[in-house]
Amino acid sequence: MDNGSAILENPEVRQFFEEVLGEEGLKVINALIGREATDEEIAEELGLKLNLVRKILYKLYDYRLASYVRTKDKDIGWYIYTWKLDLPRVMDVIQERKRKILEDLTNKLEYEANTVFFECTNDHFRIPYDIASERGFRCPQCEGALEYINNQEAVESLEREIRRLQDELENPVPGALKAPRM
Ligand SMILES: [Zn+2]
């Protein structure tokens, strides 16, 4: 029986969790898969600090990948938080992140494609034409000479990256996606 852990075999999903939750994130997720447990139980089982487990759980909560039920312990009077996961939603979260990255890259491409750049011959400090002109074509860092630089390569590399992301967004096959290159 699949208890929901199959999704963790997707390298993109693993990378997402490692990036967002840190090393211990996957341990916490694995401990919570297919069941409900309190933060204290998980911390004890994994031998992790309670604060760390809570931090990870609340991060998951922020992404709506986990939820909790709060109950009051009648004996000790403390609140107890019982957690469970909603892992399948992670595919949506990853897609949303990609859409955001795509938007940023598109803006960057627009800027690169519509800007003429000059570059310092000493330290390769790059600067748009307008500012270079204002500064008499002298580098703001070292006063070196600024020369025209062709940014076609940067434009093409952005275009490639955008096409790759668009392709991934259109074909979100779990487990078959390449890990995002950032
Ligand atoms: Zn310079």
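A nonpolar core is a set of buried Ala, Val, Leu, Ile, Met, Phe, Trp, Tyr and Cys residues joined through C-beta atoms within 7 Å. I note at the outset that the model is predicted.

**Entry 1: the cores.** I looked up the largest nonpolar core and found that it has 20 residues. Val-28 and Leu-57 have the most contacts inside this core. I then listed the elements that give two or more residues to it: helix 1, helix 2, helix 3, helix 4, strand 3 and helix 5. I also recorded a second, separate core of six residues, among them Phe-118, Cys-120, Ala-132 and Cys-139. As background, nonpolar side chains in soluble globular proteins tend to be buried together.

**Entry 2: Val-28.** I asked which residues Val-28 touches, not counting those up to four places away in sequence. They are Ile-42, Leu-46, Val-53, Ile-56 and Leu-57.

**Entry 3: helix 1.** I turned to helix 1, which covers residues 11–21. I found Glu-12, Val-13, Phe-16, Phe-17 and Leu-21 to be its buried residues. Seen down the axis of helix 1, these residues fall within an arc of 135°, so they line one face of the helix. Just after helix 1, I found Gly-22 with a positive phi of about 85°.

**Entry 4: helix 3.** I next examined helix 3, residues 39–46, where Asp-39, Ile-42 and Ala-43 are buried. Viewed along the axis of helix 3, its buried residues lie within an arc of 100°, so they line one face of the helix. I looked up their packing partners, which are helix 2 (25–32), strand 1 (37–38), helix 4 (50–62) and strand 3 (79–85). Gly-47 follows helix 3, and its phi is positive, near 65°.

**Entry 5: Tyr-81.** I located Tyr-81 in strand 3. Why does Tyr-81 count as partly exposed? I found that it has 16 C-beta neighbours inside 10 Å, whereas a buried residue needs 20 or more and an exposed one has 12 or fewer. Leaving aside neighbours within four places in sequence, Tyr-81 is in contact with Thr-38, Asp-39, Tyr-68 and Arg-70. One of these, Asp-39, is among the buried residues of helix 3. I also checked Tyr-81 against Ser-67, which is 14 residues apart from it along the chain. The C-alpha atoms of Tyr-81 and Ser-67 are separated by 9.5 Å.

Technical notes: Residues numbered from 1 in each chain as written. Predicted model: local features only at pLDDT ≥ 70, side-chain atom pairs only at ≥ 80, totals over all residues. Helix = DSSP H or I, 4+ residues; strand = E, 2+ residues; numbered from the N terminus. Arc of directions from axis to C-beta. Contact = placed C-beta atoms within 7 Å.
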